[in-house]
Each structure stands twice: as structure tokens, then as C-alpha cells.
Amino acid sequence: MKRQPKSTIPKAVQDLLVQAARDAAAQAYCPYSQYPVGAAVLTLDGQVYTGCNVENISYGLSLCAERVALVKAVSAGSRVFAALAVAGGDKRAAAPCGACRQVLAELCPPETPVFIARLKRGGKVTASTLGALLPLSFASLA
Ligand SMILES: [Zn+2]
């Protein structure tokens with residue numbers, strides 16, 4: 001397996017971001033999947049915005065935690081992001097879905113760190129980057 005580049009985010013900041021994502025999962029509205037997910041995005045100026053998954057009976061309208069966190073940040077005026085953490089799953093961590101990866105690509109450069117964790121405290125946190133999660137993303141040529 002290819003090694004991920006080491007994150008430039010200090011471990012203490014990573015830990016805070018992962019915990020914020022875990023805490024956000026407690027607010028998940030997931031009556032259909034019973035699969036709570038939380039996310040936390042760190043802006044370049046040090047703000048943290050969190051989100052949880054919000055499901056809908058019309059499944060396609062459900063929102064992932066990552067997109068909720070990003071939309072909250074953007075709607076509060078943030079445009080530059082330093083890192084994102086996502087927390088979900090018991091045995092296996094929930095990595096961002098393809099739709100969320102594309103939304104991240106709209107707002108973040110490929111080197112943006114993405115931390116992927118299980119819901120439970122402790123355990124391994126996978127540090128990746130947006131570029132590693134979504135290589136050759138659809139992007140504007142402008
Ligand atoms: Zn998603």
C-alpha cells in the first residue's frame with residue numbers, strides 16, 4: 001500500500017478536529033441507516049465547523065456530514081480550509097463518499113489533509129489528503 005504523505009497539521013489539532021467530528025455524530029439524524037457520521041472542517045483562520053448526516057425518507061436527498069460541515073462553513077463566510085475530519089463506523093471508519101470528495105475538491109486544494117476515524121475514541125486515525133482520495137478530480141480548466 002502506498003504511504004500517505006505526513007500531514008502538516010499538528011497532532012493536537014488533528015485530535016481536536018477528530019473529536020469535534022465524533023461529537024458532531026451525536027447529532028446525526030439517521031433513522032434509516034442507523035449509521036451516524038460526524039465531520040469537522042478547520043478553516044485557515046482557526047474556526048471549526050461541524051456537521052452530521054441528515055437523512056431523508058427520499059434517500060437521495062440525504063446529506064452527508066462532510067457536506068453539512070462545509071456548507072455551514074461557507075455560509076458563515078469561510079472560503080479557505082486547512083483540514084477536514086470525518087468520524088463514523090464502529091469496526092471500520094467511514095471515509096468520505098464520492099459526492100463529498102467532489103464537493104471538497106470544489107473548495108479545497110488536493111493537499112488538504114483529511115482525517116478518517118471511527119466513532120469510538122482511540123483507535124487508528126487514517127491521515128490522507130483530498131488528492132489521494134480523489135485523484136484526477138473533475139475540475140475547471142480556468
Ligand atoms: Zn458523502
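Predicted model: local features only at pLDDT ≥ 70, side-chain atom pairs only at ≥ 80, totals over all residues.
Colleague: Which residues of strand 3 are the bridge partners of Gly 38 and Thr 43?

Modeller: The bridge partner of Gly 38 is Ala 87, while Thr 43 has Phe 81 as its partner.

Colleague: And how many bridges join strand 1 to strand 2?

Modeller: Five bridges join strand 1 to strand 2 (residues 48-52), and the two run antiparallel; in this pairing Ala 40 stands opposite Thr 50. Strand 1 and strand 2 form a hairpin with four residues between them, and in the turn Gly 46 has a positive phi of about 90 degrees.

Colleague: Is strand 1 mostly covered or mostly open?

Modeller: Strand 1, which spans residues 37-43, is mostly covered, with six of its seven residues buried.

Colleague: What is the strand order in the sheet, then?

Modeller: The order is 2-1-3-4-5, in an open sheet of five strands with mixed pairing. Strand 2 and strand 5 (126-129) are the edge strands, each pairing on one side only, and neighbouring strands are turned by 20 degrees against each other on average, direction ignored.

Colleague: Which strands does helix 1 touch?

Modeller: Helix 1 packs on the sheet and touches strand 1, strand 2, strand 3 and strand 4 (113-117), its direction making about 140 degrees with that of strand 1. Helix 2 also packs on the sheet, where it touches strand 1, strand 2 and strand 3, and its direction makes about 140 degrees with that of strand 2.

Colleague: Switching to the helices, at what angle do helix 2 and helix 3 cross?

Modeller: The axes of helix 2 (residues 65-75) and helix 3 (residues 98-107) cross at roughly 25 degrees and come within 9 Å. Because angles under 35 degrees count as roughly parallel, helix 2 is roughly parallel to helix 3, and the crossing is left-handed.

Colleague: Which residues make that contact?

Modeller: Glu 66, Arg 67 and Leu 70 of helix 2 make the contact with Cys 100, Val 103, Leu 104 and Leu 107 of helix 3. These residues divide into five nonpolar, no polar and two charged.

Colleague: What covers the buried residues of helix 2?

Modeller: The buried residues of helix 2 include Val 68, Ala 69 and Ala 73, and what covers the buried residues includes helix 1 (11-25), strand 1, strand 2, strand 3 and helix 3.

How values were computed
Residues numbered from 1 in each chain as written. Buried ≥ 20, exposed ≤ 12 C-beta atoms within 10 Å, placed from the backbone. Pairing = 2+ DSSP bridges. Axes fitted to C-alpha atoms, helices over the stretch in contact; angles between N-to-C directions. Parallel < 35°, antiparallel > 145°, perpendicular 65-115°, else oblique. Left-handed = near helix turned anticlockwise from the far one by under 90°. Contact = placed C-beta atoms within 7 Å. Nonpolar A, V, L, I, M, F, W, Y, C, P; charged D, E, K, R; others polar.
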